[in-house]
Amino acid sequence: MPGIEGMKVEDAPARTKLRVLFVEDDPADVDLASCALQRSGIDPEYDVADSAESFTAHVQKSTYDVVLADYNLPSWNGMATVEILQREGLDIPVVLVSGALGETRAVECIKQGAADYVLKDHLLRLPDAIRRAVREKKLREDHRRLLEDLARSNRDLEQFAYVASHDLQEPLRMVAAYTQLLAERYQGKLDENADKYIHYAVDGATRMQRLVQDLLAFSRVGRRAAERRKVDCSVVLATALQNLQTAIEESGARIEHGDLPTVTAEGAELMQLFQNLVGNAIKFRGSDPPRIRVTAEKAGREWIFSVADNGLGIAPEHAEMIFVIFKRLHTRSEYPGNGIGLSICKKIVEQQGGRIWVESVPGQGATFRFSLPTKIRDAERNVS
């Protein structure tokens with residue numbers, strides 16, 4: 001084995017540079033901690049703060065990888081650093097370094113936001129605690145970045161869908177209008193094949209129009225998040241049932257509902273959610289007149305709404321697929337539509353921070369359930 005003197009420069013372990021803010025009033029303790037880091041391959045570049053004022057000033061003007069805070073200082077508590085960092089909107093891990101810190105108190109500090117704690121007579125643990133805290137911070141940053149990228153990608157896709165579908169409206173309108181004009185003027189005047197081709201053209205153009213309109217409706221969901229207000233679900237449901245009045249009368253549907261809560265939501269989207277679910281219950285009915293019941297019950301921090309019917313029901317293997325945009329379980333000749341209603345419901349619910357699912361037995365009806373949080377932070381800020 002070669003001796004140390006025979007090692008090449010590139011064989012030496014790489015040293016890590018770290019920006020550290022010490023919260024300490026004893027220079028000797030700063031030196032001891034700094035030496036412990038250097039011995040483990042960490043080169044700390046550090047500043048020292050001994051009061052809340054100086055700590056705040058340091059984090060406002062400089063960037064740090066980690067804060068090493070003495071738990072007990074003459075004028076303040078080292079845990080106050082966590083509160084200051086949260087107030088400043090900074091994600092800097094805080095490792096408590098204390099002469100004495102009971103196990104119970106240490107656990108409580110970690111619950112309140114400290115990354116770790118090390119006793120001053122066990123400074124050999126300090127480098128590992130710092131590396132772990134810095135690694136966890138990087139994971140949080142990576143996770144935030146991924147969420148931001150995903151949100152940006154979703155916004156771009158929605159914008160594309162909106163622009164594409166909006167811009168397609170006019171040329172499609174012209175195609176539909178002229179194919180319908182052809183049908184009106186030349187139906188029966190040409191041969192049988194010509195009539196069939198004209199029918200295909202008219203049908204294709206009108207179907208494409210409906211698809212584009214549905215895509216436009218889907219892309220609009222969530223665009224009015226700033227308009228969320230406290231809304232009475234009983235009033236919203238009543239509006240949805242008014243819109244469905246013709247279908248209700250034609251089908252002989254009977255719709256009941258219990259007491260429904262007031263929630264923070266965008267009223268038009270919530271109305272569309274109820275209208276789609278009740279409308280589907282009427283549309284996919286069995287041989288008996290539809291019987292639909294809408295209820296809600298509080299479960300922890302959310303409301304669970306249920307829309308139960310006595311219709312055709314849904315096979316368990318299709319329970320997830322029905323919420324995918326443009327997925328259909330029936331042919332268009334059996335039931336009209338493009339298979340977008342439930343995907344709009346899913347998007348509305350998820351935009352509110354909830355979830356939606358179905359419980360069903362084929363031939364015995366279905367119960368669609370969705371949850372809405374009792375409080376939505378972003379929405380609450382907009383409540384007048």
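**Ground rules**

I number residues from 1 along each chain as its sequence is written. Because the model is predicted, local features need pLDDT of at least 70 and side-chain atom pairs count only at pLDDT 80 or more, while totals for chains, interfaces and linings use all residues; side-chain values use heavy atoms, with hydrogens and water left out.

**Entry 1: whole chain**

I looked up the secondary structure and found eleven helices and twelve strands in the protein chain. Helices (H or I, at least four residues) and strands (E, at least two) are DSSP runs, numbered from the N terminus.

I then checked burial: 38% of the 384 residues of the protein chain count as buried. Buried means under 20% relative accessible area, exposed over 50%, and partly exposed in between (1.4 Å probe, protein chains only).

The protein chain exposes about 22400 Å², and carbon and sulfur atoms supply 52% of that area. The areas come from the Shrake-Rupley method with a 1.4 Å probe; for residues, only the protein chains shown count as cover.

I also looked up contacts, meaning heavy atoms within 4.5 Å. Among those between residues at least 6 apart in sequence, 69% join residues at least 24 apart.

I found Trp-76 in the loop between β3 (66-70) and α3 (80-88). Its relative accessibility is 11%, so Trp-76 counts as buried. Leaving aside neighbours within four places in sequence, Trp-76 is in contact with Val-23, Asp-50, Ser-51, Ala-52, Phe-55, Tyr-71, Thr-81 and Ile-84.

The axes of helix α2 (residues 52-61) and α3 come within 11 Å and cross at roughly 40°. That angle makes α2 oblique to α3. Axes are lines fitted to C-alpha atoms, for helices over the stretch in contact, and angles run from 0 to 180 degrees between N-to-C directions. Angles under 35 degrees count as roughly parallel, over 145 as roughly antiparallel, 65 to 115 as roughly perpendicular, and the rest as oblique.

The crossing of α2 and α3 is right-handed. A crossing is left-handed if the near helix is turned anticlockwise from the far one by less than a right angle, and right-handed if clockwise. By class, the contact of α2 with α3 has five nonpolar, three polar and two charged residues. Ala, Val, Leu, Ile, Met, Phe, Trp, Tyr, Cys and Pro count as nonpolar, Asp, Glu, Lys and Arg as charged, and the others, Gly among them, as polar.

**Entry 2: Ala-205**

I placed Ala-205 in helix α6 (residues 192-220). Ala-205 is buried because its relative accessible area is 5%. Apart from neighbours within four places in sequence, Ala-205 is in contact with Leu-172, Val-175, Ala-176 and Thr-179. Arg-173 is 32 residues from Ala-205 in sequence and 8.3 Å away in space, C-alpha to C-alpha.

**Entry 3: α9 with α7**

I looked up helix α7 (residues 233-243) against helix α9 (residues 267-283) and found an angle of about 55°, with the axes 8 Å apart. The two helices are therefore oblique to each other, and their crossing is right-handed. The contact of α7 with α9 has nine nonpolar, four polar and no charged residues. Among the residues that meet are Val-236 and Leu-237 in α7, and Leu-270 and Phe-274 in α9.

I turned next to α9 and α10, whose axes come within 9 Å and cross at roughly 145°. This crossing is left-handed. The contact residues divide into seven nonpolar, four polar and one charged. On the α10 side they include Ile-344 and Ile-348, and on the α9 side Glu-269 and Leu-273.

Ile-344 is in helix α10 (residues 341-351). At 4% relative accessibility, Ile-344 counts as buried. Ile-325 is 19 residues from Ile-344 in sequence and 7.9 Å away, C-alpha to C-alpha.
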